[in-house]
Amino acid sequence: MPSSASKNLDRVLVLEMVRVTEAAAIAASSLIGRGNEKAADAAAVEAMREALNSLHMDGTVVIGEGERDEAPMLYIGEKVGITDGDAPSIDIALDPLEGTTITAKAGPNALAVLAIAEKGCLLNAPDVYMEKIAVGPGYSKGVIDLNKSARQNVEAVAKEKGVEPNEIIACVLDRPRHEKLIAELREVGCGIVLIPDGDVAGVIATTDPDTTIDIYMGQGGAPEGVLAAAALRCVGGQFQGRLIFRNEDERQRARKWGIDDLDQIYSLEDLAKGDCIFAATGVTDGSLLEGVKRLRGGVMTTESVVMRASSGTVRWVKGEHRHSR
C-alpha cells in the first residue's frame, strides 16, 4: 500500500535528487579503470556534497561516508542544503560511489545512490555488516525469513513462483564469508549470480524480471541495506536484515546510534518508513542502469532511476551533459 505523500518531500523536487546522483556519477566516471578507489570515491563525494548544498532544504546526513572524525565530507550528522525559515527538514542516506573497487577496475554495477525521507524515517544504521535477504514484489507477506535456512527460503520462493527450487536464481556477494551459504544453495540446485560488489544493485535486481534474479541473500554493509530498503519501499518487495557484530567496538558503535536490541530483525518499514525518494545514477554499465558515457565534443550521457514511495512512481531519466557549459 503506498505511503501518504509528504508535503516536505513535495518541496524537494524528485528530479533534484537525480541531479545530485548525476553529479556524483559524472565525477567518479573520470576515474573508471584508473585503479584508484580513494580518488574515485573522493571525486563522487565532493560532487554530491556540492550538489546537495545547492538545494533548498535543511538536510541531515544520517547514513554517509562515516563518522565526523573519519570522513571530511558527507559524514553522519553533516548538515547540507540552503536553509532558511521555511526549508523542509530532510534526512538523507547516501553512497556517492557504491562500488569503489568496481569503478577502479571498470567492472559492472557501480552506482551513485541517494535516499531521502522526512526526519526520523531512515534507520541510522552503524557501519557494520548486515545479514540480508530480499525478494521483489508479488509474493505473499513473510515468504522470506532470516531465521530459516537458505534451502527453506529458496523452496518457499519457488513454491509461490510455481517452479522447482533448482529454477530459482539467487544473487550473492562473492566473498569468502559466503562459502557456506553458496554451498547450501548449490545443494538446492538453484543458480547463483555472484557479484564482486554493489549489493544495493543486487537487492534492486530482484524487482526487475529482466535480471532473472529471484532472491538476494548474504552479508553486506548495513548502510547499503537502508538504501536498498528505501528503493524497495518505492517499487515493492520484501527485505529483512540483521546487524552482524564482529567485536565489542562495533556493538558500542551501534548503541551510540540508539540501537539497543542488537539481535533485532529489521523489516522494510523498520529501515525506511513513511514517504521516501530513492535515486541512482549508473557510473559503470550494469543490470540496473547504463554507466556514464563520455562522447566526443565534451558530451556525456547518464542514465538514472528515481522512485517515490507515496506514489509508487518510477522514472527512468536519460541525461545529456555538455562539459563546456
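Predicted model: local features only at pLDDT ≥ 70, side-chain atom pairs only at ≥ 80, totals over all residues.
The UniProt record, an unreviewed entry, places the feature "binding site" at D95, E98 and E224. Although these residues span 130 residues in sequence, no two of their C-alpha atoms are more than 8.4 Å apart, so they gather at one spot. The lining of the largest pocket takes in D95, E98 and E224.

Two of these residues, D95 and E224, can be followed in some detail. D95 is found in strand β3, which covers residues 89-98, whereas E224 sits in helix α8, which covers residues 222-235. D95 has a relative accessible area of 10% and therefore counts as buried. E224 has a relative accessible area of 19%; because the limit for a buried residue is under 20%, E224 counts as buried too. Setting aside residues up to four places away in sequence, D95 touches E65, L111, A112, V113, E224 and L227. Counted in that way, the contacts of E224 are D95, E98, K132, D199 and V200.

D199 lies in helix α7 and is buried, with a relative accessible area of 5%. Leaving aside neighbours within four places in sequence, D199 is in contact with E98, K132, L173, Y216, G220, G221 and E224. Among these partners are E98 and E224, both of which carry the UniProt "binding site" annotation.

How far apart in the chain are the partners in the salt bridge between D197 and R175? In this case the side chains meet at 3.2 Å, N to O, and the pair links distant parts of the chain, with the two residues 22 residues apart. D197 is in the loop between β7 (191-195) and α7 (199-204), and R175 is in the loop between β6 (169-173) and α6 (179-188). R175 has 23% relative accessibility and counts as partly exposed.

In another example, D285 forms a salt bridge with K293, and the closest N and O atoms are 2.6 Å apart. D285 is partly exposed at 41% relative accessibility, and K293 is partly exposed at 29%.

Salt bridges can also join up beyond a pair. Which residues are linked in a network of salt bridges? In this model, E248, R251 and R255 are linked in this way.

Technical notes
Residues numbered from 1 in each chain as written. Heavy atoms only, no water. Salt bridge = Lys/Arg side-chain N within 4 Å of Asp/Glu carboxyl O. Helix = DSSP H or I, 4+ residues; strand = E, 2+ residues; numbered from the N terminus. Buried < 20%, exposed > 50% of the residue type's maximum accessible area, 1.4 Å probe, protein only. Contact = heavy atoms within 4.5 Å. UniProt positions renumbered as here; feature names shortened; annotations may be inferred. 1 Å grid on protein atoms, 1.4 Å probe; cavity = no way out; pocket = protein on both sides within 12 Å on 5 of 7 lines; lining within 4 Å.
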